[in-house]
Amino acid sequence: MTRKLHLKTYGCQMNVYDSARMADVLAPLGYALTDDADEADLVILNTCHIREKAGEKVYSELGRLRPLKAARQAEGGDLLLAVAGCVAQAEGAEVVRRAPHVDIVVGPQSYHQLPELIARATRAASGPASGPGRGIVATDFPAEPKFDALPQPSEAQDVSVFLAVQEGCDKFCTFCVVPYTRGAEYSRPAADILAEARRLVALGAREITLLGQNVNAWHGDGPEGRSWGFGRLVRALADGVPGLARIRYTTSHPLDMDDDLIAAHGEVPALMPFLHLPVQSGSDDVLARMNRRHTARQYEAIVDRLRRARPDIALSSDFIVGFPGESDRDFAETLALIERVGFAQAFSFKYSPRPGTPAAGEPRQIGEPEKQARLAAVQDLLRRQQDEFNRRTVGRRVAVLFEKPGRHPGQLVGRTPWLQSVHAEGKVRLIGAEVEVEITGVRPNSLAGRVVTQPPGDGPAMAASAVGAAA
Ligand code: SAH
Ligand code: SF4
Ligand code: F3S
């Protein structure tokens with residue numbers, strides 16, 4: 001029987017990866033993906049709890065789905081509603097209390113149980129024909145890591161894909177919910193990661209972004225029994241996965257940027273010269289109270305070493321403004337750090353107190369107008385640095401990995417090594433190929449370019465056929 005699954009994903013790349021794995025788990029049950037919730041038999045909201053707004057979005061979406069479910073039931077049909085991700089983990093049964101039409105609440109460590117949870121919810125549905133959801137809650141942290149129980153990807157892959165190598169976090173920054181929603185740090189075995197990478201490339205991927213909440217804290221047993229750090233894993237992927245053109249990783253913690261990983265940036269050509277390395281604040285006092293366990297100078301020393309290893313490396317970061325007790329002077333130190341480092345892009349957020357985290361209980365909370373003003377100032381500076389960085393690529397010839405057709409006919413979209421998005425005219429067969437492109441101009445959120453060399457041959461570029469099949 002074919003059934004339709006609508007998956008809506010919020011939050012970070014780990015959720016994007018997890019959503020793809022949920023689709024893989026459900027495909028053997030006959031569930032095919034649909035973009036349209038109206039025609040779905042099962043809707044899964046894969047949620048994020050990082051800031052208050054992210055959490056609240058889920059409830060407004062659930063509100064919109066309620067009449068849809070009621071209409072289905074009135075016609076004698078049904079619509080199963082599942083809430084997955086970090087809101088599911090953090091709030092558990094509270095989700096069902098606030099939204100009684102939810103059938104399943106499933107935490108990030110329990111996705112392999114989805115077939116069983118759906119069967120239970122469906123059985124419960126053959127009781128009273130309508131009424132509230134079944135409210136099954138699965139949020140235990142199982143002894144077995146979910147990765148062992150999830151099926152491997154089997155469909156044609158995009159050119160650029162994610163691969164989770166690590167999950168969970170032991171750092172306990174005082175503002176953050178992730179250690180509670182994703183649990184303790186877990187590293188997947190190197191052999192499993194290499195096997196998944198080979199599979200992804202065989203299915204059409206050319207670029208892999210290694211994922212983890214603290215991806216560079218990854219450590220594991222290498223195939224020859226020696227203990228590996230993350231730098232060793234990157235080298236093994238570069239050497240041991242033919243056809244893999246580009247490697248990226250996110251998100252890293254400064255404390256785990258060890259010598260070998262920094263050296264790898266200078267030695268591994270496939271490792272792209274772009275690093276998202278969150279610093280959060282430029283004030284040592286705020287950093288200490290955030291429990292980041294490094295100073296501003298230590299962060300800058302890591303950046304210096306990265307730039308010595310790979311002079312063209314571009315940096316990205318996350319910033320929180322309005323952390324409890326952040327003074328004007330603390331904030332000025334954040335702006336000064338940004339000026340000194342120079343970022344190619346960055347994300348910035350107003351501090352959002354999260355239930356159960358230490359900082360939420362701090363007495364010196366900052367008022368909304370102050371947070372707003374600081375956010376505007378930090379974003380203004382970061383925007384200027386980003387524009388400046390993008391303008392510097394104009395006129396240069398750079399390698400672009402084309403990922404998909406653009407919105408206009410004949411146009412392709414790809415990325416530079418520094419993660420800038422590029423639009424250029426080109427043949428569809430260039431999708432999946434790294435091509436020399438001259439950057440001709442800067443648009444608001446991308447660069448414009450002109451293809452300089454078409455790779456030889458009339459046949460499809462590597463992986464282009466797989467991409468064509470997926471499109
Ligand atoms: N593991 C990553 C970050 C995960 S969350 C790391 O260590 O950097 C992504 C970003 O959200 C964080 O870097 C932080 O800038 C922001 N963030 C996390 N909790 C927040 C909160 N309570 N309020 C505002 N921003 C927050
Ligand atoms: Fe959250 Fe800090 Fe862990 Fe990042 S390192 S996930 S910010 S607790
Ligand atoms: Fe959000 Fe959970 Fe990712 S809280 S940022 S979805 S780890």
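Predicted model: local features only at pLDDT ≥ 70, side-chain atom pairs only at ≥ 80, totals over all residues.

## Ligand shells

Residues are numbered from 1 along each chain as its sequence is written, chains are lettered from A and ligands numbered from 1 in the order in which they are written, and side-chain values use heavy atoms, with hydrogens and water left out.

Around ligand 2 are Cys 169, Lys 171, Phe 172, Cys 173, Phe 175, Cys 176, Val 178, Pro 179, Asn 214, His 253 and Arg 292. By class, the ligand 2 shell has seven nonpolar, two polar and two charged residues.

## Empty space

Rolling a probe the size of a water molecule over the atoms shows where empty space is left. On a 1 Å grid over the protein atoms alone, a cavity is a set of points where a 1.4 Å probe fits but cannot get out, and a pocket is an open set with protein on both sides within 12 Å along at least five of seven lines; lining residues have an atom within 4 Å of a point. Grid points are joined across faces, edges and corners, and a volume is the space filled by probe spheres set on the points.

The second largest pocket has a volume of about 280 Å³. It is lined by 16 residues, and Asp 312, Ile 313, Ala 314, Phe 389 and Arg 392 are the closest to its centre. Strand 15 (314-321) and helix 14 (368-393) are the elements that each give two or more residues to this lining, helices (H or I, at least four residues) and strands (E, at least two) being DSSP runs numbered from the N terminus. Helix 14 provides the largest share, five residues. The lining of this pocket comprises eight nonpolar, three polar and five charged residues.

One cavity of 30 Å³ or more is present. The largest cavity is lined by Tyr 17, Arg 21, Phe 147, Leu 150, Pro 151, Gln 152, Arg 188 and Glu 196, of which four are nonpolar, one polar and three charged.

## Helix pairs

Axes are lines fitted to C-alpha atoms, for helices over the stretch in contact, and angles run from 0 to 180 degrees between N-to-C directions.

| Helix pair | Axes come within | Crossing angle |
|---|---|---|
| Helix 12 (296-309) and helix 13 (328-341) | 11 Å | roughly 10° |
| Helix 9 (230-240) and helix 10 | 7 Å | roughly 30° |

The angle in the table makes helix 12 roughly parallel to helix 13, a label for angles under 35 degrees. Helix 9 and helix 10 are likewise roughly parallel to each other.

## Backbone details

The peptide bond from Thr 250 to Thr 251 is cis, with omega near 5°. Thr 251 sits in the loop between strand 13 (246-250) and helix 10 (259-267). Gln 280, although not a glycine, has a positive phi of about 75°, and its position is in the loop between strand 14 (274-276) and helix 11 (284-289).

Terms used:
Nonpolar A, V, L, I, M, F, W, Y, C, P; charged D, E, K, R; others polar. Parallel < 35°, antiparallel > 145°, perpendicular 65-115°, else oblique. Near = heavy atom within 4 Å.
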